[in-house]
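The stops below say what to pick and what to look for.

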Amino acid sequence: MATVVATNQTILVVGGGVSGMTAALEAAECGKQVVLVENTATLGGRTANLYRYFPKLCHPTCGLEINLRRLKGNRNVRVLTLAEVTAVAGTRGDFTVTVRRSPRYVNENCTACGACAEAVSAEVPNPWNYGLDKLKAAYLPHAMAYPQRYVLDPSIIGTPDAEKAKAACKYGAIDLDMKEETLELKVGAIVWATGWRPYDAARIQPYGYGRFPNVITSVEFERLADPHGPTGGKILRPSDGKEARSIAFIQCAGSRDENHLRHCSRICCMASLKQTQYVREAFGEEAQSTVYYIDIRAIDRFEDFYARVQRDPTVKFVKSKVARIAEDQTTRDPILHGVDTEGYHRYANRHDLVVLAIGMEPSVKGVDIPAEVVADSSGFIEAAADGAAVFGAGCATNALDVNRSVQNATAAALRAIQVVNRAARAES
Amino acid sequence: MSELNEQALAKYRNSFLREVEERVDEGEWVKMCMQCGVCAGSCPFGPHWEHSPQKIFMMIRAGKREEVLASDSMWMCTSCYNCVVRCPRKLPITTIMHGLATYAHRLGLAPKNQPTRDFSVIFWENFTRNGRANEIRLMLRLWFKDGIGAGIRKALAMKDVGLGMLRAKRMSPLEIFGGHGVKDVKGFQAMIRKAQEIEDRKRGFSK
């Protein structure tokens, strides 16, 4: 049983993505006690699944490494992975939080040597690559995983694979008797940083995602371009594994649409502009990216990046929301139908691959969050009312890029600190 | 130029958008269009008409009054509602297109000899006479609207459909002498007149 010391001066941060890590670290570096709860096996969230950031095209591993170093050097943060908040009771400065921890079946002795993964034969879909490839059922989530410890997939527990994994471990790190635990924590303030999820692309029926193998989402494309991804960084199309040189990027796939997500997801324009540069990086002058857009929203300093991409002869822009996608049944090429609104030209354009710049849906949508938290019409958490002590941070509050998530999370940390400071003063 | 058209021109000088908002069914939605082009791309009749819905909306905002009202595009709409279900702003596009067609017809600006328009006029007259569609009269007026020769050619081309309808008792030749109607024909006609009166008041046509 894990012991976690928490008092009414402790700050609970829910969600271990870049926003949650930032909120936890900013508060901890001010000397506050923080418990960081993450429901997957590793910190890093969706940021860790990106190949590169816009607009500088640097790698997220760099920013994550800085945060992980801050975390390792700070005694004030207690990280709970594979943990989920199931109930919140109480009020400002005096919450009781129930946390359910799922078993990892691997203890602190793990050195991440990988012998257990070699020993097991079962495979599971890889959630960090959006199920595009498979992982051994004993796995390290990804290269930047924190904690750097393997996980046993619950599906192999009780099978010979689990015993093989245990036998292969030289360090006695595999503990097949781990059970689900329920913890109760006293905390003074809560930061809710549970992030976002990609909108379900299959619901955009005319685009054929799920029916046409060569229609993928922007988050999947990010994994295709990444050397740690399912294709080792080669941009290959799913139907036949051929190089995809002619790629269509469809903007507002789900966003700004009363039938899907009402809001503008803000990141997708820049994400697609960035991804055109992956295609260029892979194929040079032979790359052909076409961006189908309603309007490009690249504000303030991002405008420079947009201008740079516009100058790139391998990138074409078509001002049109694509009406529907058909598929050539022999080649499986997607064919895009619509009207170019600059001149009202009807088109039927063939591409190798279609990337849907998928919208951001708040992960809190439809989830039971504490009563004092108010959500807007898109399901994002609204700014906390005066006297509240549960604060949204990052993409749980709005469609934000990494940079703005970090700013937003820092602000949330400051608000949480004010609450626990008041709790501390009341007791002294 | 019709009197109604002159009145409209005087009232809405240089503001065709306002005219559409006030006088066309669901016209107040026109300004909500964000010109994404999904309606144009989704229309099954797309290549066969001059102006797509999104182009019509832009033309309304640009004040191209004559071109919009004389366009045959609104008359080509088959009411499949594909554009309406896909429109990201949920504009009632089909209703607006029919509203524009009605308005253009009212002002006498709609294209002449447009088949849909001719059919609509014939159907409305046929149906409002006694509250029931009279198939045989509707059919004959439609076939012979362009003269006797054209009518006979059309009748021969459609004879199988016509005979089928006779056999299935969907059309009776005896209806040519007036046919059946609703129970209270006078009441029905009063209702239509009242509805027209309300609509006219709402759209600013009544004096």
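This is a predicted model: local features need pLDDT of at least 70, side-chain atom pairs count only at pLDDT 80 or more; totals for chains, interfaces and linings use all residues.

Residues are numbered from 1 along each chain as its sequence is written, chains are lettered from A and ligands numbered from 1 in the order in which they are written.

**Stop 1: the parallel sheet of chain A**

Select β3, β2, β1, β11 and β22 of chain A, in that order. These 5 strands form an open sheet with parallel pairing. Strands here are DSSP E runs of at least two residues, helices are H or I runs of at least four, and both are numbered from the N terminus. Two strands pair if DSSP finds at least two bridges between them. Look at the edges: β3 (77-80) and β22 (390-392) of chain A each have a single partner strand, so one side of each has no neighbour in the sheet. From one strand to the next, the twist averages 20°.

Zoom in on β11(A), residues 189-192. This strand and β22(A) pair in the parallel sense over 3 bridges. Pick A:Ile190; its bridge partner in β22(A) is A:Val390.

**Stop 2: the nonpolar core**

The largest nonpolar core has 163 residues. Such a core is a set of buried Ala, Val, Leu, Ile, Met, Phe, Trp, Tyr and Cys residues joined through C-beta atoms within 7 Å. Buried means 20 or more other C-beta atoms within 10 Å of the residue's own; exposed means 12 or fewer, partly exposed in between, with C-beta atoms placed from the backbone. Select A:Val13, A:Ile190, A:Val191 and A:Leu356, which have the most contacts inside the core. Helix α8 (residues 402-427) of chain A gives the most to this core, with 9 residues.

Which residues does A:Val191 contact, leaving aside its neighbours within four places in sequence? Among them are A:Ile11, A:Val13, A:Phe391, A:Ala412 and A:Ala416. Contact means C-beta atoms, placed from the backbone, within 7 Å.

**Stop 3: the antiparallel sheet of chain A**

Select β4, β5 and β10 of chain A. The 3 strands form an open sheet in the order β4-β5-β10, with antiparallel pairing. β4(A) and β5(A), residues 94-101, pair over 8 bridges. Click A:Ala89; its bridge partner in β5(A) is A:Thr96.

**Stop 4: chain B**

Switch to chain B. It has 13 helices and 0 strands. Its C-alpha atoms fill a box of roughly 50 × 40 × 30 Å, taken along the principal axes. Buried residues make up 25% of its 207 residues.

Select B:Ile93, in helix α8 (residues 93-106) of chain B. B:Ile93 is buried, with 29 other C-beta atoms within 10 Å. Beyond its neighbours within four places in sequence, B:Ile93 is in contact with B:Cys39, B:Pro53, B:Cys83, B:Val84 and B:Cys87.

Finish with α9 (residues 115-130) and α10 (residues 135-143) of chain B. Their axes come within 10 Å and cross at roughly 150°. B:Phe119 and B:Ile122 of α9(B) are among the residues making the contact, as are B:Leu138 and B:Leu142 of α10(B).

Terms used
Two residues are in contact if their C-beta atoms, placed from the backbone, lie within 7 Å. Axes are lines fitted to C-alpha atoms, for helices over the stretch in contact, and angles run from 0 to 180 degrees between N-to-C directions.
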